[in-house]
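Let's take a look at the salt bridges in this one. Have the sequence and the model open side by side as you read.

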Amino acid sequence: IDVTNHRHYNVLYFNFNGVPRDYIFSIIVGDCSYNSNLGNESPLEKLQIFHSTYNYTIQMFQIEFFVDANTQVGDWPFSFMTESYSLHSNVLDTQLRVKKSSKHIKLNMDLHGPVFKEIKKITSNEINNTNKFAEIGWTMAIEDPINGFRDGFVVIKGEIDQSIYNISVSFNNVKNGGNKFLGEYDFKFNLTYPCISQQYIINDVVLFDNVNRKSVFTILPIYSAIPNPFLYFLNDSNINKIQVQCSNHPSASTDTTAPVLKSFIPSKTTIDVSALDRSVTFTFVAEDLESGLKANQYPIVYLTDTTSRSIECKSSIIEITETNATYSCTIQLPVGFGYSYPNIILLSVYGFVNNNGIFGGFSSNTLSLNHTSSITVTFSSDQPLIIQHQLITERGGNLILNGRKFSIDSEAYITFKDGSVSKIKTDFISSTTVKIPNVKATKDPYQIYIKSSNINSNTITVTPIVYDYYLHGDPEPTFPPTVTPVPTNKPQQCKGNPTCGGPTNGKCIANQGCVCYSPWVGIDCQSQIVIIDPPIFNNGSNNSTSPSIDIVVPDKNNTNGNNNTTPITYHSLISIVSLREINIQNEVVNTITFKDDWLSKQIDDSTLIFYKEFTKSTTDATTNITVTLKWFKNQTTISFAQEQLLMNPSTLKYTIEISNYPFENSLNHLELIMSASMQSNTTDDICSAKEFGETTNGDNSNYLKIQVDNYSLYGRFIRRGIIDSTIRTISNILLDKDMNPITSSKSLQSYIGIQIPYYKESAIIDPDFSILIDSNKASSICSNQSKLSGAKLAGIIIGCVAFIAVISISIIYHILKKRNAKKFEKNIGQKMKQMNDANKDNL
């Protein structure tokens, strides 16, 4: 079989004499990437197990299984299991062989989990009584070029106080510009004053790819054959360490004691571990009068039975003050947990940390002095209980449930995602195992419960395992990709008077143009960023109905006229207008006009997300468009489509993502139309102007500048986008000739078309907008264009009179010429007739 990017479904058929047909055989598949003892996983959890059914049609047992994508070539190893013995596949006469793909020159074998490709540390200045807050951590690029990254976690610990920060990520957290094969992720946490100076160290890392192969790192000296996610950084022993400096606080010298446990209360002191509800909640309060409890630290309650098996209940913070913290956690005990003589569960709690770096906990013996230290266990419920289910594929079939109190009259009730319900009589195997036959095929999770002896069990969710799929989508006929170069702006001359605004504003680079020094911007470095308040989202409402943003700019140096003290303001409105599909003849074949019916969600003070779903009128396919608006208060450098982009202070960035769109033809493209306008309320005689062109600062973008008097709305449109997770060229065009924008001396509007090439999955684009104040007012531009001197006007008038005279003479000449031509044609016709008649006579 060929498993290049393909999880391959297969079936093993066999006969076994002398066993009943409901006997269950198994095959167990080992993987060389699962040879580690890290964590609390049991050996079985690291293996793939597939069970048999009996095929009555062909009178043989069968085991459906899969071989995971990009598995190593060669004989595929497994163990054939019965209750009494196991048989390794290498003794069989026939082997299942994984072959090298004939469709790929390079074999996509992937036995390695994801790794860190790039690592950037996020550090801070000293944390003290003035600078009381810091965000530290790492930004790390995770690479898995074949199977793609799925999810994982990183555990960070304080070297002195043993504080713990467990940060989980998945592919859904990838930063803009990344994809599942290579993308950046943040592993950050907050620190507040008071604190202690110490190193924060990455202690553990586990990363999984899309076929469950993992890479593991741990500080503990445990031998592991699993690949290390720090593979590219093995020579840097400090890559996982960050030093944080904190100034001493007043209590530092006097605080020498760990936090004190004031109360510890379990919700139950007796639990029936055979019942449906086996949950218990712990509420407890700790106190530290000297330095207080450290925030973002969550003590763990440990429950230990008499066989030394232990489970953890991680708390959350209910309330925290300068000296006290209240915690709570809830846990559902495993069935039968603690039910061995003398039927008790011992309690302990650890993980308290104070702000002076002292940590502590309380053993069961310590708890017994002042608090509840154990829970009594019983086992007496008669209610049926589902504990787990065995694997079932998307093809449906037989589903095996394990639990207790199943009876011979057990029935299964299954509720599917579409709302349909199936009632199925189970095949009784034992009081702890039943088989549900002929479950219908579905890839979606469904809910199931058992009714035994007329008593309902608990309900569990069954998620079918997809045994046959292509890792990165169904295979389609492929053609050699058209390699398009990353777009770069053409060389430009340096402009401005003085050139590039002079030495304080910018510098001239040959064959590029003016490169400006912050806060100056523009092709001549004579416009300056205006620091303003965040924009008004849809006229100030948090319940915004469209991503149309009004940026209000007050002109603090002027009033509106001599007798009116109303301040001059400039309003800049940015909106998304429509989406058009355009064919190869540049004809519009479909238009989606966006109305004020978007869904919106405020993420934080600077981020707002808009979401809209629309359906193309000629199809039933639904397309989603998500617009993320982020306001940058301070200067920040971001990365998009492998381009480093400087976001100036008071910049509004749009990130627009469009999901799969039903193109009529693969030669068509989309055009997202945005509108940008600016107007002033002044009564003065002012002027407006606009520019559209290419930037010169090296970011390879287009720009639109709409200027009213000496204020401008400046939009930057990056000439690249992320199209189906690939960086592609994006074209930006001015549409003012077709869209009839508003134009006057005090207001100006422009339409920009962002042209997106054909794609299958998603397209992401990233324009941004800011407000400038210009050294040259728009009136100077207008005066050059329209305010002419008297001499020039006289020249124009004389020229116009002369032009009219020439036109009149030309018309008269044309009429006379036409008349003469008709006379000439008539004379020629008469002459020709005479000649013809003469020739006839001669003949």
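## Salt bridges overall

There are 27 salt bridges in the structure, each one being a side-chain nitrogen of Lys or Arg within 4 Å of a carboxyl oxygen of Asp or Glu. Keep in mind that this is a predicted model, where local features need pLDDT of at least 70, side-chain atom pairs count only at pLDDT 80 or more, and totals for chains, interfaces and linings use all residues. Residues are numbered from 1 along each chain as its sequence is written, and side-chain values use heavy atoms, with hydrogens and water left out.

## Arginine 97 and aspartate 75

One of the bridges joins arginine 97 to aspartate 75, with 3.1 Å between the closest N and O atoms. Arginine 97 sits in strand 8 (residues 97-98) and aspartate 75 in strand 5 (residues 74-75), so the pair ties together parts 22 residues apart in sequence. Strands here are DSSP runs of E, at least two residues, numbered from the N terminus.

Arginine 97 is exposed at 52% relative accessible area, while aspartate 75 is partly exposed at 43%. The cut-offs are under 20% for buried, over 50% for exposed and partly exposed in between (1.4 Å probe, protein chains only).

## Glutamate 184 and lysine 120

Glutamate 184 and lysine 120 also pair up, at 3.0 Å from N to O. Glutamate 184 is in strand 13 (residues 182-192) and lysine 120 in strand 9 (residues 115-122), so this bridge ties together parts 64 residues apart in sequence. Glutamate 184 is buried at 18%, whereas lysine 120 is partly exposed at 42%.

Both belong to a salt-bridge network of Lys120, Glu135, Lys175, Glu184, Asp186 and Lys188.

Methods. Helices (H or I, at least four residues) and strands (E, at least two) are DSSP runs, numbered from the N terminus.
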